[in-house]
Amino acid sequence: MRSFHHRRTSCRACDGERLMPFLNLGRQPLANAFLESPDEFAREAFYPLEVYFCENCSLVQLLDVVDPDVLFRDYIYVTGTSETMATHNAAYAHTVRDLLNLMSSDLVVEVASNDGSLLRQFQKLGVRTLGVEPARNLAAVARAGGIETVDHFFSSDTARAVRESHGAAKAVIANNVLAHVDDTRDFLCGARHLLASDGLLVFEVPYVAELLDRLEYDTIYHEHLCYFSVMALRKLCESAGLSIMRIDRVPVHGGSLRVYAGLQPTHAAAVASFIDVEGEMGLHSPLRYRKFAADVEKSRLLLRKMVCGLRTQGRTVAAYGAPAKGNTLLNYCGIDASIISYTVDRNERKVGLYTPGMHIPVRPVSVLEESQPDDVLILAWNFAGEIMKQQAGYRAQGGRFITPVPEPVVH
Ligand SMILES: [Zn+2]
């Protein structure tokens, strides 16, 4: 039988072998592998979910790699639907155009271009665009909407082929994708090869400092292979022949870095300032990661104690949201359908399914007010404020919300 998983033995950035495991979240199912019926429960696949720190280059990473064909070829998350996203994308396209003085002959390539919603904004500005999107269903949606898209994974081979067919790119954009790639250096080498000499690679990655500070351990799942610091990124970019020209902190996906890299000979001065701050935070030291792991374990014990205590008192507990991160949290804390009877989600595609591993049924949001559970654990905690506001009716009848990280709090 074909194996869908392999384990690396060396760092994906520097090939170093001094890799310290510091957080073991146990064997877990894929965070987005929701199940359609109880018949599937017994056939579920589990993979190790353990996080390592490279003592040579400081990159925080998973070594267990699930086949990207399993993870990304049919993807249900489509970005183009919300108006907020469209506004965000329009502003993003303007920023990049102004920064690079893009002209109509210039090419913008987006890696993991999804349904083409960001490239559409570039198209409106009159530049040439090309999407590279491995999810065939999304690539087809993009093409149908008039955005030229190839359905490949991005690599140095793909980059060579694109450069040959379309010429060099003035901008290569890669939001929320580098962390998903097993061969990080090959990806960056490909981007460098595709860039015009005055072009820029603009990419967004989760920032490890935020993961540590806010104890966002539930954002760790098999799709996210790396959690970057600037100190790790600097070495990685150097090894791919890229220099970092600018870094912005952006508040997406629990806190990310937006990095601009090009072919200039040296890094911008801001890079050293970032690394100084990271040094003070101890991001180069195994100690900081061990402390994080101890805090995560403490947080798990507190959450279990709280929800199990509520059940012992005879209270009913439900959850809000069925995000991927909720599944890391539920599986790691061992909170199953005997504790949480159901979760609710606004995404119709998830309603009627069961959460991976813990098998909690996903129901429509309207169920919350109909059945009025005593407590609701917010799994989509990044939207907690918005959710509590929307569910004023549930609260008015005495319902309570709980946010789980960094430690459980009743609202
Ligand atoms: Zn390394």
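**Zinc site.** I began with the geometry of the zinc ion and noted that its site is tetrahedral, the angles among its four donor atoms running from 103 to 114°. For comparison I wrote down that the ideal angle for four tetrahedral donors is 109.5 degrees. I keep in mind that this is a predicted model.

I then looked up the donors themselves, and found that Cys11, Cys14, Cys54 and Cys57 each coordinate the zinc ion through SG, at 2.3 Å. Along the sequence, these donor residues follow the spacing C-x2-C-x39-C-x2-C. Cysteine 14 sits in the loop between strand E1 (5-7) and strand E2 (19-28), whereas cysteine 54 belongs to strand E3 (residues 47-54), so this pair ties together parts that are 40 residues apart in sequence.

Which of the two is buried, and which is partly exposed? I read a relative accessible area of 25% for cysteine 14, which is therefore partly exposed, while cysteine 54, at 0% relative accessibility, counts as buried.

**Glycine 399.** I next turned to glycine 399, which I located in the loop between helix H14 (392-396) and strand E18 (400-403).

What does glycine 399 touch, once residues up to four places away in sequence are left out? I listed Gln372, Pro373, Asp374 and Tyr394 as its contacts under that condition.

Finally, I checked glycine 399 against valine 111, and recorded a C-alpha to C-alpha distance of 44 Å for this pair, with a separation of 288 residues in sequence.

Terms used
Residues numbered from 1 in each chain as written. Predicted model: local features only at pLDDT ≥ 70, side-chain atom pairs only at ≥ 80, totals over all residues. Heavy atoms only, no water. Donors = N, O, S within 2.8 Å, 3.2 Å for Na, K, Ca; no water. Tetrahedral: all angles 85-135°; square planar, octahedral: opposite > 155°, others 65-115°. Helix = DSSP H or I, 4+ residues; strand = E, 2+ residues; numbered from the N terminus. Buried < 20%, exposed > 50% of the residue type's maximum accessible area, 1.4 Å probe, protein only. Contact = heavy atoms within 4.5 Å.
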